[in-house]
Amino acid sequence: MAGRVTAVSRNETYAFSKPNRESITLLAGLGVEGDVHAGETIRHQFRMTYEPDLPNLRQVHLMHEELFDELALKGFDVSAGQLGENITTRGVDLLGLPTGALLHLGEQAVVEVTGLRNPCAKINDFRAGLLGQIFALDPDSGEFTFKSGVMAVVRHGGPVRPHDPVRVELPPPPHHPLERV
């Protein structure tokens with residue numbers, strides 16, 4: 001199955017969830033037009049207090065819809081936008097991408113994957129016990145696997161809509177695994 005966008009979301013104010021929209025517009029170097037997290041410098045509400053001048057590597061949050069299927073099997077009803085993502089996809093192994101992968105979204109927009117979303121404790125406020133399902137401890141390595149999507153910066157702007165195709169362009173090797181941003 002080819003990758004595709006299943007939902008797009010944005011919110012003008014700080015809130016845990018983002019309402020679904022018919023379309024969003026990505027702005028190069030900024031993020032999602034009209035979204036509270038858009039900007040050249042960091043816009044994460046907590047991190048702005050102590051790192052206000054850092055570049056915004058979290059302009060766009062993408063999440064794989066397959067996570068919602070996995071969570072439903074564990075009794076959690078979660079749908080697009082509810083975990084704060086801007087773009088929900090299906091058929092793309094977002095968590096398996098290397099740093100620097102480009103995602104071509106629709107006809108014009110291109111985002112560069114910068115890292116993994118670091119899940120926050122507010123996830124448990126949204127649904128009690130959900131945080132424990134969003135990450136897992138690898139018993140062999142002792143490393144955590146974060147499942148709450150990836151973060152990206154906008155390299156080329158344009159509209160993004162549900163049903164738009166997603167094409168992955170890998171960076172030249174060597175590939176580096178995603179880390180939290």
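Strands β5 and β11 pair in the antiparallel sense, over three bridges. Two strands count as paired if DSSP finds at least two bridges between them, and strands here are DSSP runs of E with at least two residues, while helices are runs of H or I with at least four, both numbered from the N terminus. Before going on, a word about the model. It is a predicted one, where local features need pLDDT of at least 70 and side-chain atom pairs count only at pLDDT 80 or more, while totals for chains, interfaces and linings use all residues. Residues are numbered from 1 along each chain as its sequence is written, and side-chain values use heavy atoms, with hydrogens and water left out.

Back to that strand pair. Which residue of β11 is the bridge partner of His 61? It is Met 151. His 61 itself sits in strand β5. His 61 is buried, at a relative accessible area of 4%; buried means under 20%, exposed means over 50%, and partly exposed is in between, using a 1.4 Å probe and protein chains only. Leaving out residues up to four places away in sequence, His 61 touches Leu 83, Gly 84, Glu 85, Asn 86, Ile 87, Arg 117, Ser 148, Gly 149, Val 150 and Met 151. A contact here means heavy atoms within 4.5 Å.

Strand β11 has another partner to mention. Six bridges join β11 to β8, and these two strands run antiparallel. Within that pairing, Leu 116 has Val 150 of β11 as its bridge partner. Five of the seven residues of β11 are buried, so the strand is largely enclosed by the rest of the structure.

Next, the nonpolar cores. A nonpolar core is a set of buried Ala, Val, Leu, Ile, Met, Phe, Trp, Tyr and Cys residues joined through side-chain atoms within 4.5 Å. The largest one has 25 residues, and those with the most contacts inside it are Leu 26, Leu 62, Ile 87, Leu 103, Leu 105, Val 111 and Val 160. At least two residues of this core come from each of β1 (3-9), β3 (24-27), β5 (60-64), β7 (102-105), β8 (109-116) and β11 (150-156). Which strand gives the most to this core? That is β8, with four residues. Apart from this core lies another, of 13 residues, including Ala 7, Leu 67, Phe 68 and Ile 134.

Leu 26 is worth a look on its own. Not counting residues up to four places away in sequence, Leu 26 touches Gly 31, Val 32, Val 60, Ile 87, Leu 105, Ala 109, Val 111, Val 154, Gly 157, Gly 158 and Val 160.

There is also an open sheet of three strands, in the order β4-β3-β12, with antiparallel pairing. Its edge strands are β4 (31-32) and β12 (158-160), each of which pairs on one side only. Two bridges hold the pairing of β3 with β4, and Leu 27 has Gly 31 of β4 as its bridge partner.

Now the charged pairs. How many salt bridges does a search of the whole structure find? It finds eight, a salt bridge being a side-chain nitrogen of Lys or Arg within 4 Å of a carboxyl oxygen of Asp or Glu. One of them joins Arg 90 and Glu 65, with the closest N and O atoms 2.7 Å apart. This pair links distant parts of the chain, 25 residues apart: Arg 90 is in strand β6 (residues 87-90), and Glu 65 is in the loop between β5 and α1 (66-73). Arg 90 is buried, with a relative accessible area of 16%.

A second salt bridge is between Arg 155 and Glu 112, at 2.7 Å from N to O. Here too distant parts of the chain are linked: Arg 155 lies in β11 and Glu 112 in β8, 43 residues apart. Arg 155 is partly exposed at 48% relative accessibility, and Glu 112 is partly exposed at 22%.
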